[in-house]
Amino acid sequence: MPEGHTTHALSARLNHAFAGSPVAVSSPQGKFAGGAALLDRLTLLEASAWGKHLFVEFEGERWLNVHLGLIGKFSVVPRPDDQVPAGGQVRLRLMNDAWVGDLRGPTVCAVVTAAKVAQIQARLGPDPLRPDADPDLALLKILRSARPIAELLMDQAVLAGVGNVYRCEVLFRHRVDPFRAGSEIRPTTWLAIWDDLVALMPLGVAFGQILTMDDQVADALAEVVDGSAAAHTAVVTGAQLGDHFERRFYLYKRTGEPCRVCGSTVRTQLVAGRNLFWCGRCQRRR
Ligand SMILES: [Zn+2]
């Protein structure tokens with residue numbers, strides 16, 4: 001499932017491919033024909049992301065709002081020579097001479113006004129991938145809530161961009177009891193989680209995959225520092241998941257297997273509609 005790093009990587013790819021020039025906008029599948037006609041041939045000014053929401057500004061104060069949901073995919077790939085690729089189930093297609101962006105299966109795909117964009121963004125909590133984000137806004141909501149922290153981290157009105165994988169893994173990294181009420185979480189714990197997300201999520205953007213294990217995080221950071229990460233970022237097209245690093249997590253989808261730290265059994269339970277994975281022995285902090 002796409003988390004915030006996916007949306008941010010997508011906005012960067014859209015800017016690289018389309019920003020600053022007119023774009024042919026269509027709906028090969030037909031479901032978005034009306035919306036596509038409102039944007040067709042307009043100049044795409046800039047794409048940006050806030051959590052799992054994508055906002056693409058076109059000239060004339062028209063905005064495209066996309067939310068991929070659980071199964072949506074938005075691939076941005078070089079256009080085959082002088083060919084128009086098959087449409088199939090493509091809800092929205094952006095195209096110029098060099099690039100094709102195909103959106104399939106989104107939860108939201110709509111043309112909206114600037115006022116509507118502001119309204120949607122006002123409902124969202126701070127996004128660790130945005131430089132303007134304020135973690136205290138999330139902390140205020142967490143401290144006022146009796147809901148478990150594992151549920152709050154998934155609530156996009158509290159914190160925008162974190163999905164199930166980052167939720168499970170970051171709670172484990174800080175050894176936090178996922179069932180603790182928000183009101184019982186120490187502010188220093190929250191700020192440590194936030195700082196960790198601010199460090200981890202850009203690696204997700206750079207490599208097109210969620211990295212949370214210390215050894216992989218260290219390797220990824222080294223590649224960012226020496227510049228080789230940029231080559232991976234450039235080849236991640238959005239047509240597939242990144243695979244530069246082995247797909248490996250502390251807990252995610254490891255039900256019944258031994259905790260990598262203490263050896264006790266990884267457990268799972270539905271929290272906020274998704275399977276939470278946790279270690280009952282390691283995760284006791286609040
Ligand atoms: Zn453990």
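1. The model is predicted, and local features need pLDDT of at least 70, side-chain atom pairs count only at pLDDT 80 or more, and totals for chains, interfaces and linings use all residues. Residues are numbered from 1 along each chain as its sequence is written, and side-chain values use heavy atoms, without hydrogens and water.

2. An open sheet is built from 4 antiparallel strands in the order β2-β3-β4-β8. Strands here are DSSP runs (E, at least two residues), as are helices (H or I, at least four), numbered from the N terminus; two strands pair if DSSP finds at least two bridges between them. Because β2 (44-50) and β8 (108-112) each have a single partner strand, one side of each is left without a neighbour in the sheet. On average, neighbouring strands of this sheet are turned by 15° against each other, direction ignored.

3. Strand β4 (residues 62-67) runs antiparallel to β8 and is joined to β8 by 5 bridges. Asn65 stands opposite Ala110 in β8.

4. Helix α1 lies across β2 and β3 (53-58), at about 170° to β2. Helix α3 (residues 114-123) lies across β2, β3, β4 and β8, at about 160° to β3. Angles run from 0 to 180 degrees between N-to-C directions, with axes fitted to C-alpha atoms, for helices over the stretch in contact (heavy atoms within 4.5 Å).

5. Met1 lies in the segment before α1 (4-18). Its relative accessible area is 40%, which makes Met1 partly exposed (between buried, under 20%, and exposed, over 50%, with a 1.4 Å probe and protein chains only).
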